[in-house]
Amino acid sequence: MTATDRSLRQVGRPRRRVDARAKVTGQTRFADDIMLPRTLHCRLLRSTEPHARIVNIDTSRASAGDGVHLVLTGETFPIAYGILPVSHDEHALCRDKVRFVGDPVAAVIARDEAAAEAACRLIDVTYEPLRTFASPADSLAHGEPRIHEYGDFGNVHKAVSLQFGDVDSAIEAADHVFDDVFFFEGNTHLPLEQHATVALKDPDGKLVVYSSTQTPHYLHRALAKALAIPAAHIRVIATPNGGGFGGKSDPFNHEIVVAKAALLLDRPIKICLTREEVFLCHRGRHPVLMRFRTGVNNDGRITGLDLQTLLDGGAYGSYGAASTFYTGALQTVTYQIPRYRFRGCRVFTNKPPCGPKRGHGTPQSRFGQEVQLDKIAEHLKVDPAEFRLRIVAPPDSLTANYMRVRTIGLAECIQRVVDRSGWKEKFRKLPLGRGVGLACSSYLSGAGLPINWNDLPHSGVQLKLDRSGGITVFCGATEIGQGSDDVLVSMVAEVLGVDPFDVRAVTGDTDLTPVDLGSYSSRVTLMMGNAAIQAAERAREILAAAVSGRLEVPVERLVFADRRVFDSERPEHGVTFQEAVCIAEARVGTIGTTGSYTPPKSAGHYKGGGVGPTPTYSYTAAVVEVEVDPETGWIAVPRVWIAHDIGRALNPALARGQVEGSVYMGIGEALMEEQVFRRLPPRLSNALVHKFPSMLEYKSPTSLDMPEIFTDLIEHPDPEGPFGAKEVGQGPLLPIMPAVANAVFDAVGVRVDQIPVTPEKILRALKAKAAGKPARVGPDTFPEIPWPEPLLVTPPQEGGDGRASNEPPKRSTRKADAGVEASAGVRT
Amino acid sequence: MMRLPSFQYRAPPTIADAASWLAENPSETMLLAGGTDLLPNMKRRQQTPGTIIGLRGIRELREIHNGKGLTIGSAVTLTDLISDRRVHDSYRGLFQAAAQVATPHLRNMGTIGGNLCLDTRCTYYDQTYDWRKAIGFCMKKDGATCWVATSSPKCLAVSSTDTAPMLQALGATVTLVSSRGARELPVAQLFANDGMRYLTRQPDEILTAITLPPNDGWRSSYKKLRRRGSFDFPVAAAAVAAKFDGPDIVDVRIVLGAVASRPLESEAAASVLRGKRPTEELISEAAAAAGDIAKPMDNTDFELVWRKMMVRTLVRDALHDVCGR
């Protein structure tokens with residue numbers, strides 16, 4: 001009996017999530033709720049210079065400050081770390097130079113926050129200012145001084161070039177060539193919970209770190225490296241996160257600083273960042289300029305796509321090498337694109353580092369692609385929904401860049417939102433000022449490759465059953481509000497026939513739980529879910545063998561349901577679940593099982609081909625309705641229809657919450673959110689500061705600004721997913737931004753090829769239109785970039801084997817988990 | 001989290017006590033009513049008074065009286081103000097303005113007097129100490145340059161009060177009390193067009209009351225531009241009050257909010273309509289005249305060119321509102 005061919009009792013039923021009670025009654029303990037006796041408090045002194053050499057740091061006045069226990073500087077932190085092995089470019093406190101306003105240069109540990117804050121004011125830092133790099137144009141134009149001593153050249157962190165087939169002739173041979181430049185402004189995660197960490201020595205003298213992190217395993221590794229202590233002597237406990245969205249996926253300087261301070265002082269040390277500091281930690285959406293050249297035939301078939309992207313990376317690597325590849329990885333998995341070239345470039349600038357935000361690197365180019373498709377449909381005079389339906393990628397296929405498409409419900413998603421929104425009655429038929437727009441998307445159900453290249457499982461689950469009938473499930477996965485604890489217990493409850501509330505979850509604790517790589521890349525449900533099913537099935541086998549003997553019923557006839565184990569032919573003939581555990585324990589001893597999950601190998605074997613593969617992709621389609629005032633450009637979004645191919649909704653109440661949360665975040669990105677900066681006049685100042693690092697002036701919609709949302713979950717179980725489930729946490733965000741822009745065109749006939757779509761831009765486009773100029777706002781040109789020679793990979797349909805014909809030979813041996821060789825498939 | 005600097009808190013039982021305590025050291029003392037403006041500013045070290053005098057315990061300041069018109073104590077919360085039927089029925093524009101200040105939570109704390117005296121706002125100024133240090137500070141606090149316009153001899157921070165333009169349009173007066181005595185002046189004279197010295201209130205004076213003239217045929221309307229209808233400060237606003245005789249406008253005042261360091265009254269716009277029967281053409285002409293005097297700068301949300309253009313729309317909409325269109 002496998003996990004998918006039995007009648008389901010928990011899966012698919014909208015249930016109260018297992019952690020709901022704790023959350024609504026305020027009993028969930030977030031990192032900032034941890035109050036330990038003898039705790040000292042930490043504040044960081046951050047750079048006020050955007051780019052400068054540190055000449056001197058005088059901490060003598062601060063050290064003598066009232067209530068001050070310790071002042072630390074970069075001297076204490078000689079070892080670099082970072083999330084990707086290819087970019088270990090951060091120190092917990094800056095050593096030689098600072099790279100953005102907000103880079104931490106010193107830390108004060110004191111009696112309380114106020115004392116630590118006051119002592120920070122007593123630290124005297126002497127800087128020697130360096131040239132400020134405020135934009136990718138600056139960084140491309142000037143290679144010196146370099147913000148980092150590594151990177152492809154000058155201030156270019158990464159420049160990559162991949163070519164799948166002869167794309168130039170495919171585009172030239174097309175009936176139409178579309179060439180469009182788009183810009184997607186950066187924005188940030190804005191979790192309600194500000195990052196917080198508490199570190200202490202446990203009674204054995206080992207380090208314990210509680211932190212609001214999405215990735216305790218990576219923090220564990222970073223602490224071991226940066227502090228040079230054995231990982232086995234470090235325990236990381238990921239507290240429930242009050243939202244993450246990718247912003248708590250890097251190991252952070254404040255985590256390493258308080259860990260070190262706890263070791264030095266042997267007292268608990270706590271830090272809770274201010275909202276401004278959260279904006280400075282950032283790691284959010286990269287600003288991306290992009291150019292799409294697409295060849296299309298009269299029948300709507302795409303012949304080839306040539307994509308260039310330019311990412312403003314900010315001051316550090318973070319996930320940036322992977323982000324760069326992600327801006328070009330998923331263009332091919334939604335629609336048939338037989339030939340494809342992708343060139344991506346990430347530059348360093350003196351701003352907070354960009355990284356992964358919900359959709360990691362893919363929403364920007366998804367925006368460009370979906371808006372360009374809308375323009376193509378308009379030009380070919382076909383309905384954009386019909387147009388897309390004709391070119392949807394086929395199931396169980398390999399794309400030109402060797403991404404493996406499994407199940408694909410995209411056509412059904414499109415059909416569903418078209419039907420429910422009344423698209424056919426609305427599109428190009430609403431009065432001036434009202435419009436509808438359609439867009440689609442796809443996302444990974446977990447990255448196919450780990451960040452640290454190795455052959456180890458991506459997720460591990462342990463199960464303990466005891467004679468009380470209680471079940472405890474252990475997994476390193478982290479509850480960040482998305483409901484991973486609920487998925488974990490429901491998988492176990494489903495397989496063992498008990499109620500989810502009978503199962504206790506212990507998660508995100510590196511001492512107690514097997515490794516799960518973390519809550520990122522929409523990987524948890526699929527990977528942890530499969531591991532949990534395996535562990536539970538192994539437990540069920542042990543129980544079934546024991547009960548079969550006692551009841552004298554063949555194992556195949558035993559059913560686990562309703563907290564009982566019974567004969568399917570005589571349901572009254574059975575034992576309770578607790579009796580079953582006791583029978584088994586008496587027979588085989590203490591019952592514990594494990595499960596683990598490793599994704600299938602990816603098909604692409606070229607450098608960079610590790611970014612994009614996944615066990616299976618989710619798909620989404622959305623229709624957005626807008627109201628635009630033609631006089632002022634004012635825009636409102638009253639309604640959104642969205643359909644998401646989720647494979648199977650394990651808990652539909654939670655899945656819908658993820659879809660609606662994505663719509664919310666998408667509306668914010670589409671209409672107002674901007675992580676933007678002030679550059680003062682260079683003749684007067686070097687300054688480069690975040691324009692408005694506050695929740696008042698960084699505009700994000702409130703609940704009152706939300707549209708009405710009509711959500712559909714399209715369920716066709718995917719063989720790769722636990723009970724058929726695919727991801728839902730990120731994909732539904734992606735179509736919202738392009739659908740808004742497309743709807744604006746339907747409403748008032750102008751193109752805003754730039755995110756966010758604000759009233760000012762709409763009005764500017766309307767005025768351009770009225771003046772007989774192109775009815776558009778957005779970037780006009782894409783800069784010349786000295787791209788490297790492309791890796792030439794023949795598409796599978798043209799007989800390729802997934803390797804680049806011109807790739808230099810790889811190093812022959814690869815130490816398992818060396819941790820320094822490569823990352824997330826970013827094999828360099 | 002961000003912490004308040006330390007200060008001495010004093011809670012006077014009467015206005016006389018408050019005035020005499022304030023007179024002890026006016027330059028180092030600040031008044032606190034709801035605290036929704038002052039306390040966040042203090043956390044950012046924009047203001048660091050040694051002493052705070054809390055006005056919430058003074059009952060007189062929390063009352064609304066009938067008289068010749070309506071007298072509103074300065075510590076009346078915005079929630080209480082918009083719950084008052086007299087305000088709702090007779091001073092519609094004031095109701096609209098107060099109801100659009102911030103959020104319900106902030107209106108529960110914030111007061112009418114606090115909103116009138118609201119510190120001027122600027123995206124170079126409403127920032128933490130470290131942020132301001134990173135730009136070398138600005139003229140309004142700890143620095144010398146106005147970064148909004150580096151050649152400007154004066155601070156260009158923006159008057160961001162919703163109620164002041166409306167009270168000015170309604171012809172309201174304010175009462176200022178000090179240990180030296182009391183004085184009453186029109187709301188228009190409470191403000192100066194200087195982002196730093198935006199109030200004519202003397203450091204030892206307490207704004208104790210706002211007096212509205214009897215309604216007497218006046219209709220009023222307040223239109224506000226902001227990003228989110230649920231939350232934000234104004235980035236442009238139009239306050240219009242007009243006295244009608246049948247269909248004709250006998251008198252009218254048009255005051256703009258959030259486009260200068262003080263509420264900005266357009267006599268030119270008013271004169272277009274005064275003594276006339278308002279036609280669409282006249283309304284447009286008045287709106288254009290009002291729009292001409294608005295000089296928004298690049299120190300709030302939204303682009304300044306668009307904000308300036310929107311002033312016209314706001315004035316027109318407010319005029320339509322008072323004309324019942």
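I take buried to mean under 20% relative accessible area, exposed over 50% and partly exposed in between, with a 1.4 Å probe and protein chains only. The model is predicted, local features need pLDDT of at least 70, side-chain atom pairs count only at pLDDT 80 or more, and totals for chains, interfaces and linings use all residues. Residues are numbered from 1 along each chain as its sequence is written, chains are lettered from A and ligands numbered from 1 in the order in which they are written, and side-chain values use heavy atoms, with hydrogens and water left out.

Entry on the total. I searched the whole structure for salt bridges (a side-chain nitrogen of Lys or Arg within 4 Å of a carboxyl oxygen of Asp or Glu).

Entry on Asp486(A). I found its side chain in a salt bridge with Arg15(A), at 2.9 Å from N to O. Asp486(A) sits in helix α14 (residues 484-496) of chain A, and Arg15(A) in the segment before α1 (20-24), 471 residues away. Helices here are DSSP runs of H or I, at least four residues, and strands are runs of E, at least two, numbered from the N terminus. I noted both Asp486(A) and Arg15(A) as buried.

Entry on Arg570(A). I recorded a salt bridge between Arg570(A) and Asp567(A), 3.9 Å from N to O. Arg570(A) is partly exposed because its relative accessibility is 40%, whereas Asp567(A) is buried at 0%.

Entry on chain B. I located a salt bridge between Asp119(B) and Lys140(B), 2.8 Å from N to O. Both Asp119(B) and Lys140(B) are buried.

Entry on a network. I traced salt bridges linking Glu697(A), Lys699(A), Arg44(B), Arg121(B), Asp126(B), Arg228(B) and Asp232(B).
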